[in-house]
Amino acid sequence: MKTLRLLLFLSALLALAGLGTVVRAAETANFRGILIAGSNEEGQTDRRLAPYEGNLKRMLPFKSYRFLGEGSASVPVPGRGAMNLGRGHRLELSTDAAGERVRVEVSWPAANLNTGLSLRPGAHTVLGGASGENN
């Protein structure tokens, strides 16, 4: 079966590794992202993704997942910043305080995605993008 690549952004923005902090105005939000390829072909999931595999399969039921890159960013709240995930993928982030949450506007040009999120510190978030090259 043809490999389907779904570029995902999991993070502490996405607090993938619990990097999120309770943020108030004039503080900093820490974000971590992982670029992942999901495939419908049988295969073993990259062991670096083992802590997230259950959530990935529940949200995006592919047969295997591959680690492609990662990045992190510290962004003032309110403020702007960017995160490079590798392979030409860059996220533009714009933050604002929303009580105990952080409001984040995310622009992901390589996936043609623009979205707004209201994030709790420590929560995981998944953003899906278009198929990758040769898929």
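**Exercise 1. Confidence**

What is the mean pLDDT of the protein chain, and what share of its residues reach 70 or more?

*Solution.* The model is predicted, so local features need pLDDT of at least 70 and side-chain atom pairs count only at pLDDT 80 or more, while totals for chains, interfaces and linings use all residues. Residues are numbered from 1 along each chain as its sequence is written, and side-chain values use heavy atoms, with hydrogens and water left out.

Step 1. Start with the term: pLDDT is the predictor's confidence in each residue, from 0 to 100. The mean for the protein chain is 80, and 76% of the residues reach 70 or more.

Step 2. Confidence is lowest in strand β1 (residues 8-11), with a mean of 39, and highest in β4, with 97.

Step 3. Look at residues 1-25. Their pLDDT is below 50, yet the stretch has 123 contacts in the model beyond near neighbours in sequence. A contact means heavy atoms within 4.5 Å. Where pLDDT is low, the predicted coordinates should not be read in detail.

**Exercise 2. Secondary structure**

State how many helices and strands the protein chain has, and give their order.

*Solution.* Step 1. Helices (H or I, at least four residues) and strands (E, at least two) are DSSP runs, numbered from the N terminus.

Step 1. The protein chain has 1 helix and 8 strands. Along the sequence the pattern is β-β-α-β-β-β-β-β-β.

**Exercise 3. Salt bridges**

*Solution.* Step 1. A salt bridge needs a side-chain nitrogen of Lys or Arg within 4 Å of a carboxyl oxygen of Asp or Glu. The whole structure holds 6 salt bridges.

Step 1. E70 is in strand β3 (residues 64-77) and R32 in strand β2 (residues 27-39), so the bridge ties together parts 38 residues apart in sequence. E70 is partly exposed, at 41% relative accessibility; here buried means under 20% relative accessible area, exposed over 50%, and partly exposed in between (1.4 Å probe, protein chains only).

Step 2. K63 is in the loop between α1 (53-59) and β3, and E42 in the loop between β2 and α1, 21 residues apart. K63 is partly exposed at 40%, whereas E42 is exposed at 65%.

Step 3. K57 is partly exposed at 36%, and E53 is partly exposed at 23%.

**Exercise 4. The interior**

Is I34 buried or exposed? Which residues touch the most other members of the largest nonpolar core?

*Solution.* Step 1. I34 lies in strand β2. At 1% relative accessibility, I34 is buried. Across the protein chain, buried residues make up 44% of the 135 residues.

Step 1. A nonpolar core is a set of buried Ala, Val, Leu, Ile, Met, Phe, Trp, Tyr and Cys residues joined through side-chain atoms within 4.5 Å. The largest has 21 residues, and F31, M83, L91, L93, V104, V106 and W108 touch the most other members. The elements giving two or more residues to this core are β2, β3, β4 (79-86), β5 (89-98), β6 (101-108) and β7 (113-119).

Step 2. Apart from this core lies another, of 9 residues, including L60, F62, Y65 and F67.
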